[in-house]
Amino acid sequence: MPLLTHSQDDDEQYVLVASLDNAEVFQEFTITEDQVGLQINLTVLQDCLSIFGGSTVPGGMSTTLRLCYKGYGYPLTLFLEEGGVVTVCKIQTQEPEEPIDFEFCCTNVTNKVILLSESLKEAFSELDMTSEVLQIIMSPNQPYFRLSTFGNAGSAHYDYPKDSDMMELFHCTTRQSNRYRMALLTPSTKALALSCKVSVRMDSRGVLSLQYMVRNDDGQICFVEYYCCPDEEVNDDD
C-alpha cells in the first residue's frame with residue numbers, strides 16, 4: 001500500500017507513527033502515549049534504510065519512510081516507498097536500556113554562545129581532526145570562545161571574537177576550559193551539516209551541550225541536541 005494512502009484508521013492501531021519524504025526531519029509525528037521506549041539493532045535499521053540506496057528514479061523521486069510501532073512486544077515496522085514500490089521491514093525490538101541522565105539543567109549553565117553553523121563548519125575544516133580531543137575555552141574575556149586541537153601536525157586554535165558577525169549570542173560568566181573526546185563529538189557533525197545555527201552551552205561541571213537548529217525545505221524547524229562529558233579539565237592560561 002503506498003504510504004500516502006494510509007488512512008487515519010490504519011494509524012489508530014499504533015502508539016507511534018512518524019513519516020518523512022526526505023533525509024532531514026519527520027513531517028508527521030504522532031504519539032498516543034505519554035512515553036514510548038524501545039531499543040533496536042542499529043545495524044539492522046541501517047540495512048533497512050539502505051534498501052533503495054543508490055538507485056535513480058525517473059523524475060528525481062526520493063524515498064519516503066513511514067515508521068510505525070504498536071507498542072511493547074511488537075516489532076518496529078518501516079514502510080519504504082520509492083517510485084511506487086513499497087517495501088515493508090519489521091525489526092525485532094529489545095528491552096530498552098535506561099538512557100544516560102546528564103542532569104543538564106538550564107539554571108546550571110554558566111556559558112552559552114549561538115553561532116551560525118557555517119562558521120563552526122569552517123572551524124572544523126581548519127582544525128586538525130587527527131587530534132584525540134577538542135579543547136573548548138569559553139570566557140567573558142579573551143579569547144572569549146576558542147576551539148583547539150592537538151594533532152599530528154601540532155596545535156591549532158580557532159578563535160571567535162564575541163562581537164563576530166558569526167556570533168548571534170554571547171553570554172559567558174566565567175572562564176571554563178575543558179577537553180572532549182573527538183571520537184564522541186564526531187557523530188554530531190552529521191547534524192551540523194544540516195543545521196543553520198548551533199547553540200553551544202557549558203554547565204558548571206563542564207558538561208557540553210550542542211543544540212543544532214535544522215530547517216527543512218518546507219520551513220519546518222527542529223532541534224537536535226547532543227551532550228558530552230568533559231574528558232579532563234584544563235586549567236591553563238592559553
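The side chain of N111 makes a polar contact with the side chain of Q176, at 2.7 Å. The model is predicted.

Q: Where does N111 lie?
A: N111 lies in strand β6.

Q: Which strands does β6 pair with, and how many bridges join them?
A: Strand β6 (residues 109–116) runs antiparallel to β12 (residues 195–203), with seven bridges. Strand β6 also runs antiparallel to β10 (residues 167–172), with five bridges.

Q: What does the side chain of N111 reach at 2.8 Å?
A: The side chain of N111 reaches the backbone nitrogen of T173. Beyond four places in sequence, N111 touches several residues, including M138, H171, V200 and M202.

Q: What should I look for in backbone angles?
A: Most residues other than glycine have a negative phi, and most peptide bonds are trans. Here, a cis peptide bond joins Q142 and P143, with omega about 10°. P143 is in the loop between β7 (133–138) and β8 (145–151). Y144 lies in the loop between β7 and β8. Y144 is not a glycine, yet has a positive phi of about 65°.

Q: Is Y144 buried or exposed?
A: Y144 counts as buried because its relative accessible area is 18%, and buried means under 20%.

Notes
Residues numbered from 1 in each chain as written. Predicted model: local features only at pLDDT ≥ 70, side-chain atom pairs only at ≥ 80, totals over all residues. Heavy atoms only, no water. Pairing = 2+ DSSP bridges. Helix = DSSP H or I, 4+ residues; strand = E, 2+ residues; numbered from the N terminus. Polar contact = N/O pair within 3.5 Å; in protein donor to acceptor, adjacent residues only side chain to side chain. Contact = heavy atoms within 4.5 Å. Buried < 20%, exposed > 50% of the residue type's maximum accessible area, 1.4 Å probe, protein only.
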